[in-house]
Amino acid sequence: MRAVDALMECLKAEGVEVVFGLPGGANLPTYDAFYDAGIRHVLVRHEAGGGHAAEGYAKATGRVGVCFGTSGPGATNLVTPICDAMMDSVPVVFFTGQVRTDLLGTDGFQEADTMGMTLPMVKHSIMIQDPQDLPRAVHEAFHIASTGRPGPVLVDIPVDLSKADIEYIPGGEINLPGYQPTTEGNQRQIRLAAKALAHAKRPIIYAGGGVINAEASAELIALTRYGNFPITATLMGLGAYPADDPQWVGMLGMHGTRAANYGMDEADLIVAAGARFDDRITGKLDEFAPNAKFIHIDIDPAEISKNVPAHIPIVGDAKNVLSRLLGEYRALDPDASRLDDWWEKVNGWKDKYPLAYEDSEDSEIKPQFMIQALHEATGGNAIVTSDVGQHQMWTAQHYGFPEPRRWINSGGLGTMGFGLPAAIGAQIGCPDTPVIVVAGDGSIQMNSQEFATCVQEKLPIKVFIMNNGYLGMVRQWQELFWDHRYSQVDLQDHSPDWVKLAEAYGMQGVQLTKKESLIGDMKRIMDMDGPVLVDVRVTREENTYPMIPSGEPARNMVG
Amino acid sequence: MSDSPTTDPLSLEDLHASVGTRTGRTHVLTILVENKPGVLSRVAGLFARRGFNIDTLAVGPTDDPDLSRITLTLDGALHPIDQVTKQLHKLINVIKIRDLEPGEAVQRELAMFKISAEATQRAEVMQIVQIFRGKIVDLSHLTMIVEITGTNDKIAAFDEMIRPFGLVEMARTGEIAISRGRAET
Ligand SMILES: Cc1ncc(C[n+]2csc(CCOP(=O)(O)OP(=O)(O)O)c2C)c(N)n1
Ligand SMILES: [Mg+2]
């Protein structure tokens, strides 16, 4: 059979139920195979939309996302989602078409060095040189993307090879002598960690996206509750621990809560699970958590001691390690009252520094209230995707995620335009869960072509644009750190009429401007059929607080 | 430190983080990789991206046609070597990495020196070449080419001795290394 037909068989064998993509010359054979392969293909309007949709699908379901693009410009358009998936450890397999093998390296039409340009931002990549290798490459790609620390894998297929006849043997085995991720944590290290925890007087748990990737939320909750530890999480870890729980101290980092950041600053022992001590978490590295010892649990050995030296490193899968750590800790039967003073302090911060904001005196919608209203209108149970900017941080702060895989955003790369396509993937992966986008009026314009995809696929996604008429986060930095010199951030008079834009795409559009009716209006919108674009007018110049100024230690938080 | 599950006393003060330190010496890493296209760019790209400086790099086949060996030296005063090796291990095509301890391995490099030795100086040059167990592999009216194998240090010493005679150009292969005794590299 043709190599591309074998590719379809491999996708089915991998349990792929949907792929995202857009065809072109160099992957015509692949699209010919899609014609009657019986695999759902979602046609996006830009390859970046396809890549982010595959990410959204993967983040919402925990399964591997799949995206197809053609050579040259198709591949260059995929660079952003590939990098995004790398930064946030998202399992996605990207398939790109490539020019004929006899044209390789000659600057042929639509030739780009796809392997070369993506080399620094893939977990792995494979260029097909013998069509007979394609099935094995596909299975290896899925295996690598989804195991260990997940990430993007690229498979580049020259068009002539994709048409070639091959002998397809189902169930082809993989051969990866250099790839054996450690999943079992070392027993001795886990015991030592339990002992350190039992002796800690000011411990705190610091959970990251790795806990969600490892499906280790239950284990995290069990350990945290049993030990009565305060717990915080990164932007990527939100939902790993329920936000309405009394032990939750709020998000960590640049726009996290004071309780979380001060908690890390004064802790004597920090348990980092599936988190990587990013600069948005540590602030000034030399002054980060000066009193703490670190237990660092991560499946990627290279993360351990990369930024902050670990005292007790534990390489392994968070689910495996956290459950065994609880077992060892329980066996020590530590005295819970040793944490009383610590809790008094932590609760003092929580009481003194809640995420407050000044309400408007008129009907104006405050951006923070917009997010709280969305929580009310959705019962806190929606899958929420976002773009990048102030609206993203307010959503992270105020929505209150009850469980993992409900909060889908671009953390590491901070990619504007991520929200809408990611929601497409999430809604396709979770057809029975309401999916909303909290979009920025700037960001949404980077992938608004995907409204067509929503309509075509009849996806009931509700897109709420937090419309402040600004590239708000940049305006905030210019206000605070560049002496109010607002340079190229005003969008007010030149954004489209969002209601008309929605209608032009054949979907419904609504504008909301009054806080009094906001929750009711949002509930009504949530009950509408099909996709809806909602233009929510909010306070224009509101700042996202609190904030650790870039490069400063946590105790210098402002706002 | 005891690993018994009992609550014998442990002070958090006793916990130390030992990684991330700089050793201060030159490290010879031998990296066994799958012989696949692009592997060298992956390794080289990783070094560039993470800001690691390579002193020397040599690549060649091994006894197994599916595998190649990359030998590189880098300065442990500048880089935390454990971070370097951990990042290298993340490359799927990297099978094995050894950070060879000095004394535990035999290291060699090949160098060729083109020297503009005049006829009157040749005897002296040849004497130096002999002391360093080098070979004269080419001779013309104006120049001679000398081949030297040895450790970095030996080649550096030869360089120092021969330079005053008039060095025209020089080429070095970069070090390769193999572990002593029965241990596999
Ligand atoms: C692709 C891309 N370009 C530029 C930036 C820098 N950036 C970060 S936030 C931001 C403003 C986003 O504006 P908007 O989407 O309206 O969100 P707001 O901050 O106003 O809520 C910009 C330009 C980015 N993150 N991504
Ligand atoms: Mg805005």
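The stops that follow cover the domains, an interface, the nonpolar cores and a metal site. Please bear in mind throughout that this is a predicted model.

**Domains.** Begin by colouring chain A in three parts: domain 1 (3-163), domain 2 (187-352) and domain 3 (367-537). The C-alpha centres of domain 1 and domain 2 of chain A are 37 Å apart.

**Interface of domains 1 and 2.** Next, display the side chains where these two domains of chain A meet: eight residues of domain 1 are in contact with seven residues of domain 2. Together the two domains bury about 580 Å², of which 48% is on carbon and sulfur atoms. Two salt bridges are found across this interface. Then select E303(A) and R149(A), whose side chains form a salt bridge with an N to O distance of 2.9 Å.

**Nonpolar cores.** Move to M370(A) and F464(A), the residues with the most contacts inside the largest nonpolar core, which has 101 residues. At least three residues of this core come from each of domain 2 and domain 3 of chain A. A second, separate core has 46 residues, among them I383(A), F418(A) and I465(A). Returning to F464(A), show its contacts, including M370(A), L374(A), I436(A), M522(A) and V536(A).

**Magnesium site.** Finally, select ligand 2, a magnesium ion coordinated at 2.0 to 2.1 Å by D441(A) (OD), N468(A) (OD1) and Y470(A) (O). D441(A) sits in the loop between strand 15 and helix 18 of chain A, and N468(A) in the loop between strand 16 and helix 19, so the pair ties together parts 27 residues apart in sequence. D441(A) is buried, at 1% relative accessible area, and N468(A) is also buried, at 6%.

Note on methods. Residues numbered from 1 in each chain as written. Chains lettered and ligands numbered in written order. Predicted model: local features only at pLDDT ≥ 70, side-chain atom pairs only at ≥ 80, totals over all residues. Heavy atoms only, no water. Core = buried A, V, L, I, M, F, W, Y, C linked by side-chain atoms within 4.5 Å. Buried < 20%, exposed > 50% of the residue type's maximum accessible area, 1.4 Å probe, protein only. Domains from an automatic or database assignment. Contact = heavy atoms within 4.5 Å. Donors = N, O, S within 2.8 Å, 3.2 Å for Na, K, Ca; no water. Helix = DSSP H or I, 4+ residues; strand = E, 2+ residues; numbered from the N terminus. Buried area = accessible area lost by both parts, 1.4 Å probe. Salt bridge = Lys/Arg side-chain N within 4 Å of Asp/Glu carboxyl O. Lists of a residue's contacts leave out its neighbours within four places in sequence.
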